[in-house]
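Work through these exercises with the model open beside you. Try each task before you read its solution.

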Amino acid sequence: MCGDNVMEMPIVFLLLQLLLIVTADAVNPGCECLLFSATYGKEYGTFSSPDYPHPYQDNINCLLYTFIASRDEIIEITFKDFDVQKSHLDCERGDFLKLFLHLDRPEVNEYTPWSGLLCGGFTDIPHVLYSSGPGLVLEFHTDRKPGNASGFLGHFRFIDRRMFQTDGQKLPGTMCDHQFISSNYSLTHGRFYSPRYPSSYPKNIKCAYRFRGRLKERIRIVFEEVTLQKGDLSCLNRADVIKVFDGRSSSAPAITVLCNEGSELEVLSTGPDLYIEFVANSEWPGQGFKASFQFQAIDAITSDSPSTEPERVNNSPHNKFPPDNGPAVSATSEYRPFIY
């Protein structure tokens, strides 16, 4: 929600079943707040800038779009149109839409860290955004300069956050380390994700994913989607990378290093242990990754699979991977970075 007149969450879910417009003290005392807490049986709800598709007014001091999901849900925002007058390269002045994607509660004030700023045209922004929790806030601000920009139109829906739950065991005392052990009492296959996925991962994190198979098993990993800090093709000296090692730790032989963006990237260990390290130190975090794992019996591996070397990411020119520097995921689409 917005501002200092914040109700407790259980009361919110009982009372905020309608779209409300209220005035509240939030980022500043002049903020007006629109609350969205339901789609009323439809697949998605709709939100837009004032007077859309006609040009929005100038001198909108603070208009907050506050989305409230249930405790086990996250919010997906999809922009269908976007035209906000751009007067500064980084959108910090003039007209902009400020994003609050990582909220413990659906409320903001002048001290709440924001996730990014959007301005310009439809091609300048990410078209889909996700919250990392049950609250998401967009702050719309315009300056005094007159213009004819039409503003924005978007859809929102609420998604079960348990769809993105890592199947491994989180290690106590760590932020994001997980282990996956093959046994008679565990799954032989499952899924794992970067922190906050499908929302953006935090800055300055290091996560380890440890896979322990049984004696005659090996581990197959498929990175279904990878969206890290966007840059050149080489993964050397990149701030955000995924490193895969053929053993129990980062001292084992490296299989591959992934960066940038890619999809359906497969890795296969030579034995029962695999270690994955995700390091993110950039100022512009991406969405992260989603991946699947499977413990496979070595006897069941087909004869055309390599028996002594790990299976590596496709290094063909078609996939634009640099042959000299090891596998690297090529950037395939435009994503606007965010500040965290």
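**Exercise 1.** Find how β17 is joined to β18, and name the partner of Val 244.

*Solution.* The model is predicted. Start at β17, residues 240-245. Four bridges join β17 to β18, and the two strands run antiparallel. Now pick out Val 244; its bridge partner in β18 is Thr 256.

**Exercise 2.** Describe the largest nonpolar core, then follow the contacts of Phe 47.

*Solution.* Count the members: this core has 31 residues. Phe 47, Tyr 65 and Phe 79 are among those that touch the most other members. Then trace the strands. Those supplying at least two residues each include β2, β4 and β11. β5 gives the most, with five. Finally, take Phe 47. Beyond four places in sequence, its contacts include Phe 36, Leu 138 and His 155. Another core, of 27 residues, lies apart, with Phe 192 and Leu 274 among its members.

**Exercise 3.** Decide where the model should not be read in detail.

*Solution.* Begin with the chain: its mean pLDDT is 83. Confidence is highest in β5, at 98, and lowest in helix α1 (residues 9-15), at a mean of 37. Then mark the stretches under 50: residues 3-26 and residues 303-340. Where pLDDT is low, predicted coordinates should not be read in detail.

Note on methods
Residues are numbered from 1 along each chain as its sequence is written. This is a predicted model: local features need pLDDT of at least 70, side-chain atom pairs count only at pLDDT 80 or more; totals for chains, interfaces and linings use all residues. Side-chain values use heavy atoms; hydrogens and water are left out. Two strands pair if DSSP finds at least two bridges between them. A nonpolar core is a set of buried Ala, Val, Leu, Ile, Met, Phe, Trp, Tyr and Cys residues joined through side-chain atoms within 4.5 Å. Buried means under 20% relative accessible area, exposed over 50%, partly exposed in between (1.4 Å probe, protein chains only). Contact means heavy atoms within 4.5 Å. pLDDT is the predictor's confidence in each residue, from 0 to 100.
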